[in-house]
Amino acid sequence: MDSDDEFGLCSEDEEALALACENADASAKRKHDQTGTNIGPPSKKQLTDAFPRKSPLAVKVLNDQFGLKAFRLEQEAAIARLLEGGSAVVVFPTGGGKSLCYQVPAVAFAELDKLAGDRGPNDGGVTIVVSPLIALMKDQVDALLRRNIKAAVLNSSLSRESFLQVNDDLRNGRLKLLYCAPERLNNEGFVESIKSVRGGVRLVAVDEAHCVSEWGHSFRPDYLKVARFITELNAERVVCLTATATPKVARDICNSFGIDESGLFRTTMYRPNLRLLAEVSRNKQDYYPKLFKFLRENRGPTIIYVTIQKQSEFLAEDLQEQGFKAKAFHAGLPTEEKTNIQDQFMTQNDLIIVATIAFGMGIDKANIRNLIHCNIPSSVEEYSQQIGRAGRDGRPSICMFYMSPEDFYLRNVFTYGDLPSRDSVRRFLEHVFSPANVLLDVGDTFNTNHRSQAKDFDINLSPLSIMYAQLELQFGLIRATTPIYAKYEYETINARILMNDSSSEAVAIRSVAHKKTKWWEIDADSAATRGGVNRLDIIKKLNDWNDRGIILMKASGVQNVYRVEKKLPSTPQEIAEIVDRLYLEMVEREQQALQRTKEVVGLVTSKKCFSRSLAAYFGDGSEGMPDECGHCTWCETHRQVVLPKIPPEPPSPSAITAILRTCPWRDDPRFLARVAFGITSPRVTAEKLKSSAVFNSMPVCEFMELVSVFTEKCNEANQANPGNQANRMSRTNRTN
Ligand SMILES: Nc1ncnc2c1ncn2[C@@H]1O[C@H](COP(=O)(O)OP(=O)(O)OP(=O)(O)O)[C@@H](O)[C@H]1O
């Protein structure tokens with residue numbers, strides 16, 4: 001079942017990132033403290049003092065450089081604080097104008113410096129924007145360049161030449177803004193080059209800052225490292241931006257970045273032009289006629305959100321058959337097609353996009369008239385962010401939420417899929433703290449591959465990377481460093497030059513290269529050891545040959561590299577303690593995810609005004625907002641939207657027997673329950689169970705009841721036959 005990542009990232013981004021990083025020119029570094037500029041983070045006094053809410057300088061920059069007349073709502077107050085040296089958290093709804101809150105200061109610093117006269121022309125420093133939305137960064141950079149504001153993005157799509165150019169501009173103080181993804185902060189070369197920027201880091205803008213909070217709806221472990229990065233860089237100030245933060249999440253963001261709560265700028269979520277409606281049906285088939293009728297009566301640009309990719313395709317086809325102009329959009333489509341669909345949506349006024357979560361980030365279309373949910377969004381935050389895309393022109397627009405009890409099943413598939421079994425966590429940690437790793441000294445490094453570990457230990461990539469981040473940030477045992485490629489391959493284009501290169505790197509490469517069809521394969525580590533040269537120089541030589549057309553090179557097999565920061569735990573008790581802590585937190589996260597689904601449903605099924613409930617969720621008192629908005633299902637009808645109750649069925653004994661017969665392993669009751677419920681996992685895929693008749697044989701049962709039935713069965717088997725390896729290991733793990 002393919003759902004989409006909120007940010008549309010995929011593994012290739014990470015691999016290409018690693019290659020770009022290896023290409024980084026580590027020389028020519030210049031520490032900004034060598035320039036004599038003495039800058040650092042703001043003092044506590046600066047953070048807590050009252051800051052002005054107005055800034056004539058910011059208004060001048062807004063008018064002159066951005067061609068806009070006036071600031072909106074809290075924009076000026078947040079910017080004024082930043083220009084005074086304070087830090088801020090900005091919570092404005094989607095389309096609320098968050099970008100200007102860091103773009104205006106980034107430009108205004110130069111004006112401030114002129115007034116103060118304490119910096120040279122190239123010592124203006126840089127503003128770093130950390131954002132997970134790689135595609136959007138480029139759009140923003142292009143828009144800034146059109147305004148003659150020097151900005152760049154460092155991402156995996158850059159050519160080697162552009163990459164070197166950006167680095168050169170950065171080092172020489174020519175860039176005002178640099179955009180990058182949070183994953184890049186793991187790259188030591190990148191961090192070092194930022195430390196060398198003339199004039200230092202004036203501001204770090206952290207976009208989608210809710211990702212830093214474990215209470216947030218899309219926690220991303222790499223975000224936890226942003227705060228550490230800011231301290232290490234001695235950045236002058238920080239602005240965290242998000243469209244969705246509950247009071248708890250906003251507090252978390254403030255705490256993570258040491259920002260006083262007086263630095264929190266929030267604007268109301270209330271949108272008087274949005275009609276918030278909800279309808280329920282007993283099953284999904286029932287709402288199709290309602291949806292078609294709705295779309296015939298309410299024309300205009302429309303987005304329909306569904307959860308999985310296949311669903312978007314099927315529904316788009318159904319709509320086309322009904323005579324609507326509809327297109328599916330999801331992360332699985334080729335990039336060109338996605339761009340094409342987005343462009344069509346921007347310019348046409350009758351197109352319906354049936355999309356997964358991957359659509360919408362950065363779609364700045366003012367006249368979206370209908371925003372429809374055909375599944376339950378994963379959280380109130382997601383719902384609010386998505387409906388926020390409707391009616392940005394202020395004209396009446398409808399947000400319709402179709403719900404049926406089946407939707408819970410789909411949500412649960414995702415929620416229950418992310419919690420591995422405790423045994424998986426234990427085996428994973430025993431692998432991280434393997435006898436070889438335990439012998440490592442502090443400062444030594446070890447390599448892993450998250451993807452193969454996910455498969456070997458049956459843990460999804462997201463919880464796996466969260467555990468690594470916890471080992472790093474909570475336990476202080478390891479630290480992620482620049483990822484590397486395991487394997488390089490090349491095809492010889494000019495054999496004469498290649499063979500005549502007598503440098504020690506060339507000799508080392510030739511000595512380990514072995515031919516596979518027309519490609520030569522080389523292991524960079526062996527080449528470095530064999531030739532007594534630096535691994536990085538081996539990679540540089542390969543890149544150099546590649547750039548000069550002597551070879552055609554490809555790299556694969558990204559490896560995550562960790563440096564040991566503390567002696568790694570080695571006894572079973574030490575490891576068990578870590579397992580307990582990590583597992584407990586994972587169980588809590590599962591509970592939170594279940595709770596989030598309930599909150600979304602609660603929002604539209606309680607006897608309350610939807611707009612008010614939404615505002616209350618975000619701690620927004622909504623001054624000036626009426627007690628009842630008058631434009632939601634509750635206010636319009638005063639009839640409660642009631643979801644039909646369909647009780648789960650008890651597990652079927654014959655289906656249980658069939659699963660036990662097909663899956664002979666008794667080491668993980670959750671794994672067996674997942675097979676029954678129809679939840680894929682790396683192990684389900686490896687055992688080719690998805691096409692088996694037992695997969696998804698009990699989707700109508702309560703998942704936790706299935707877990708308890710299979711726990712009993714596993715216990716019985718293990719008691720009857722203790723130590724039986726067949727009980728414990730599947731084929732996946734036997735290959736280890
Ligand atoms: N003060 C202003 N005056 C006029 N237009 C503005 C102002 N502030 C922002 N805008 C415009 O509003 C639109 C949305 O701004 P922006 O993209 O910064 O919103 P955002 O809060 O980052 O939204 P999202 O959450 O979707 O990323 C842009 O077209 C921007 O130029």
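Analyst: Happy to! Keep in mind that this is a predicted model.

User: Which backbone atom lies 2.9 Å from a nitrogen atom of the ligand?

Analyst: That one belongs to Ala 70, through a backbone N or O atom. Ser 99 uses its side chain instead, where an N or O atom is 2.7 Å from an oxygen atom of the ligand.

User: How much of the ligand's accessible area does the protein cover?

Analyst: On its own the ligand has 640 Å² of accessible area, and the protein covers 71% of that.

User: How many residues surround the ligand, and which are the closest?

Analyst: There are 15 residues around the ligand, and the closest are Ala 70, Gly 95, Lys 98, Ser 99 and Asp 364. Sorted by class, the shell holds six polar, five nonpolar and four charged residues.

User: Thanks! Now, how do I read two packed helices?

Analyst: Two packed helices are described by the angle between their axes and the distance between those axes. Take helix α18 (residues 450-457) and helix α19 (residues 461-473): their axes come within 10 Å and cross at roughly 110°. Angles of 65 to 115 degrees count as roughly perpendicular, so α18 is roughly perpendicular to α19. The crossing of α18 past α19 is right-handed.

User: What are the angle and the axis distance for helix α15 and helix α24?

Analyst: Helix α15 (residues 406-417) packs with helix α24 (residues 572-605) at about 155°, and their axes are 9 Å apart. Over 145 degrees counts as roughly antiparallel, and therefore α15 and α24 are roughly antiparallel to each other. Here, too, α15 passes α24 in a right-handed crossing.

Conventions. Residues numbered from 1 in each chain as written. Predicted model: local features only at pLDDT ≥ 70, side-chain atom pairs only at ≥ 80, totals over all residues. Heavy atoms only, no water. Near = heavy atom within 4 Å. Polar contact = N/O pair within 3.5 Å; in protein donor to acceptor, adjacent residues only side chain to side chain. Areas by Shrake-Rupley, 256 points an atom, 1.4 Å probe, with all protein chains shown as cover. Nonpolar A, V, L, I, M, F, W, Y, C, P; charged D, E, K, R; others polar. Axes fitted to C-alpha atoms, helices over the stretch in contact; angles between N-to-C directions. Helix = DSSP H or I, 4+ residues; strand = E, 2+ residues; numbered from the N terminus. Parallel < 35°, antiparallel > 145°, perpendicular 65-115°, else oblique. Left-handed = near helix turned anticlockwise from the far one by under 90°.
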